[in-house]
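Visitor: I am new to reading protein structures. Could you take me through one, feature by feature?
Guide: Gladly. Here it is.

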Amino acid sequence: MNIGEIAKMAGVSSAAVSRYFNNGYISEEKKEAIRKVVEKTGYRPSVQAQTLRTKKTKMIGVILPKIDSEPVGCMVSGILNVINESGYQLLIADTQNNPDKELEYLSIFDDKQVDGVIMIATIFTARHRRALKNMNVPVVIAGQELSGYYCVYHDDYHAMYNMTKFLLDKGCRNLGYIGITQKDKAVGFERYEGYCNAVRDGGFENCRQNIETADFTIDSGYETAKKLIEKRTDLDGIVCATDEIAIGVMRYLKEQKINVPGQMLVTGHGDSVLCKVTTPTLTTVHYSYEKCGELATGMLLDILSGKELAVKEMKLGYYLVENESSKRSSAETDIQ
C-alpha cells in the first residue's frame, strides 16, 4: 500500500492523505474517510521515508538524571501530557546521575536522531556548556536556570528562604541545614543560599555553622543527621534540601528518641507522596514539577514550529505545605 492507493480507496487526494499523516489541516469528513481506510488496511506510513522527505524525525529526546526520582517522574508526566497531543514521540535517556552520560546523549541526539531535546538538568560543567553551545537541534532545559538558554525552572532560593524563616518564626533558635552538592545550582546552591541568608537576616548567623551535605537518598539523610546531631546536640530544628533527606533525618531522630516535633522541627522540600505517610507527616515545599514539564515541552514545540518566543526563561512559583513535623502544641512552645 502507498499513499496513492489509500487516497483512491478513501476518495480523496494524495495531498489530503499526506496532510492526515503529518497532522495538517483537512476537513473532518476527509479525515474520517481516511481513518476508516487506514483502520481497514492496517496501513502505517514509513517513518524512514517521512524523515528523508521532511528532514524531521518527529522525535523529541529527553535527557534525565534518574527516572525513579519523583520530581523527575512528574516532569516526564508533564512532558507526556503535551507530547501525546502533538504528533511527536519521546526517546528517554536515563543517565543515572552520570554527567558523562549526559554529554554522550547530547551528542547522540544532536546527530539528527531527534528534532529537539528537553534536558532535565542537574549539574552544568564547562563541557556541558560547550556541548549545548554547539548543538544543532534546539534544547530546552527543565528544572535549572542557565542564562542564554531556553529554560523553565523553580524559585528554589525564595522557597528555602521562606521555609527557614517559617521555622525561625516558630521559635527555633538553633537550626541546622542538610543540603546537597552546590554544583547543582537549583537544589544545591540556591537552596543553600536561601537558608544562609534567612538565618543571617533573622539575626541567627550562628546557624550558618550547622550545615552538612548529603546525597539524594533517605539513607544519606539518616547518616548525615547522625553526623550533624553528634556535632550540635542543641539543635531545635533541621531544614532539609529534599524530602528524601528529611525522611532519613526523622528516621534517625526516632531511633534516638528525639521527638518530632516536640523536641525538633524537621522540614523537607518537594512535596513528595512520602510526606503524607511518614510519622509525623512532613512539612515541605510544593513545586509544580508537572507544569514545568508541560511548559518546557510547549516551549520546545513552539521553537520547532518556527514561532517567535516572547519569553526565553520561565520561573515557576511554590507554596509551603505545613504538616505535623513543624506543628508544636502551645504547651510544647511554652516549654521551648
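Visitor: Which residues make a nonpolar surface patch of about 270 Å²?
Guide: Patches are made of residues with over 30% relative accessible area and no salt bridge; like charges are joined within 9 Å, nonpolar side chains (Val, Leu, Ile, Met, Phe, Trp, Tyr) within 5 Å. Areas come from the Shrake-Rupley method with a 1.4 Å probe, and for residues only the protein chains shown count as cover. Here Val273, Leu274 and Val277 make the patch. This is a predicted model: local features need pLDDT of at least 70, side-chain atom pairs count only at pLDDT 80 or more, and totals for chains, interfaces and linings use all residues. Residues are numbered from 1 along each chain as its sequence is written, and side-chain values use heavy atoms, with hydrogens and water left out.

Visitor: Is valine 273 buried or exposed?
Guide: Buried means under 20% relative accessible area, exposed over 50%, partly exposed in between (1.4 Å probe, protein chains only). Valine 273 has 56%, so valine 273 is exposed. Valine 273 sits in the loop between strand S9 (265-267) and strand S10 (284-287). Helices (H or I, at least four residues) and strands (E, at least two) are DSSP runs, numbered from the N terminus.

Visitor: How many salt bridges does the structure hold?
Guide: A salt bridge is a side-chain nitrogen of Lys or Arg within 4 Å of a carboxyl oxygen of Asp or Glu. The structure holds 19. One of them joins the side chains of aspartate 100 and arginine 127 (3.0 Å, N to O). Aspartate 100 is in helix H6 and arginine 127 in helix H7 (residues 126-133), so the pair ties together parts 27 residues apart in sequence.

Visitor: Where do glutamate 212 and lysine 231 lie?
Guide: Their side chains also meet in a salt bridge, at 2.8 Å, N to O. Glutamate 212 is in strand S7 (residues 211-213), and lysine 231 is in helix H10. Glutamate 212 is buried at 11%, whereas lysine 231 is partly exposed at 46%.

Visitor: What does the side chain of aspartate 236 reach?
Guide: The backbone nitrogen of arginine 173, at 2.8 Å. Aspartate 236 is in the loop between helix H10 (218-231) and strand S8 (237-240). With a relative accessible area of 9%, aspartate 236 is buried.

Visitor: How many helices and strands does the chain have?
Guide: The chain has 13 helices and 12 strands. Of its 336 residues, 47% count as buried.

Notes: Polar contact = N/O pair within 3.5 Å; in protein donor to acceptor, adjacent residues only side chain to side chain.
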